[in-house]
Amino acid sequence: MDTSNLYVDHLAWCGLIALNMARQAGTVSSAAQENLFLCRWLATAEKKRLFRRELANDIRWLLKEGREKGLRADLPGKLEYLWRASSGDLLAQNDLFRLQHVMHAVTLTGINYGILTESDWEGRQAVKINPKVPAVFLRKSDLETGFDEQGSLIKPLATRITAELSAVDVLLSRAGWKRKAEVGDPLLHLLIADVQ
């Protein structure tokens, strides 16, 4: 997996520039118009294949969000997040922001990502994880209690990983995180913030 193939910063930058040009031209002056403009812009980008193939799923996802959620989708905010996460100084961000960046990068590379409730994580009703399907699963309760109000990690996050570990390690280290394998369960790992 080559993380340099994640061109989401270019997509986000183009979307933000197009939106700002529309604002300056006076064709967009409200949040509803921004959503409509970006939905049309994304639909055109998808139809004309203006961006790399690796971004097709991101474009479809953004377009679906904008169409289904309307103003609640906050497409300008999502593009701003993607641009900042991809092009800014990622290691200067807080632990939670960097973890969100990692999970976005995981989905861009085709690895499945999910958050499991306590009953899905363990017990009789636990989700059966197929080790042959590349995925990363985080425990919901760890996400809820693992960070302080400033987004700093206060305890390691339990994670089940079926994806190629070296590929996940590359994404984690790029964002200032590391993985520690747990003894007894080959799929269980702890995620730890690793920013100096």
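Helices here are DSSP runs of H or I with at least four residues, numbered from the N terminus. With that in hand, welcome to a short tour of a predicted model.

**The largest pocket**
- This pocket has a volume of about 480 Å³.
- Its lining is made of 17 residues, and W61, Q100, M103, H104 and T107 lie nearest the centre.
- Helices α3 (56-69), α4 (75-87) and α5 (95-108) are the elements that each give two or more residues to this lining.
- The most comes from α5, which supplies seven residues.
- Sorted by class, the lining residues are ten nonpolar, four polar and three charged.

**The second largest pocket**
- Here the volume is about 160 Å³.
- Residues lining this pocket include A45, E46, R49, L50 and F51, and also R52, R53, L55, A56, I59 and R60.
- Both α2 (31-47) and α3 supply at least two residues of the lining.
- The largest share, three residues, belongs to α3.
- The lining has six nonpolar and five charged residues, with no polar ones.

**The strand hairpin**
- Strands β4 (residues 177-181) and β5 (residues 188-193) run antiparallel and are joined by five bridges.
- To find one of these contacts, look for A181, whose bridge partner in β5 is H189.
- Six residues sit between β4 and β5 in this hairpin.
- In the turn, G184 has a positive phi of about 100 degrees.

Terms used. Residues numbered from 1 in each chain as written. Predicted model: local features only at pLDDT ≥ 70, side-chain atom pairs only at ≥ 80, totals over all residues. Heavy atoms only, no water. Pairing = 2+ DSSP bridges. 1 Å grid on protein atoms, 1.4 Å probe; cavity = no way out; pocket = protein on both sides within 12 Å on 5 of 7 lines; lining within 4 Å. Points joined across faces, edges and corners; volume = space filled by probe spheres on them. Nonpolar A, V, L, I, M, F, W, Y, C, P; charged D, E, K, R; others polar.
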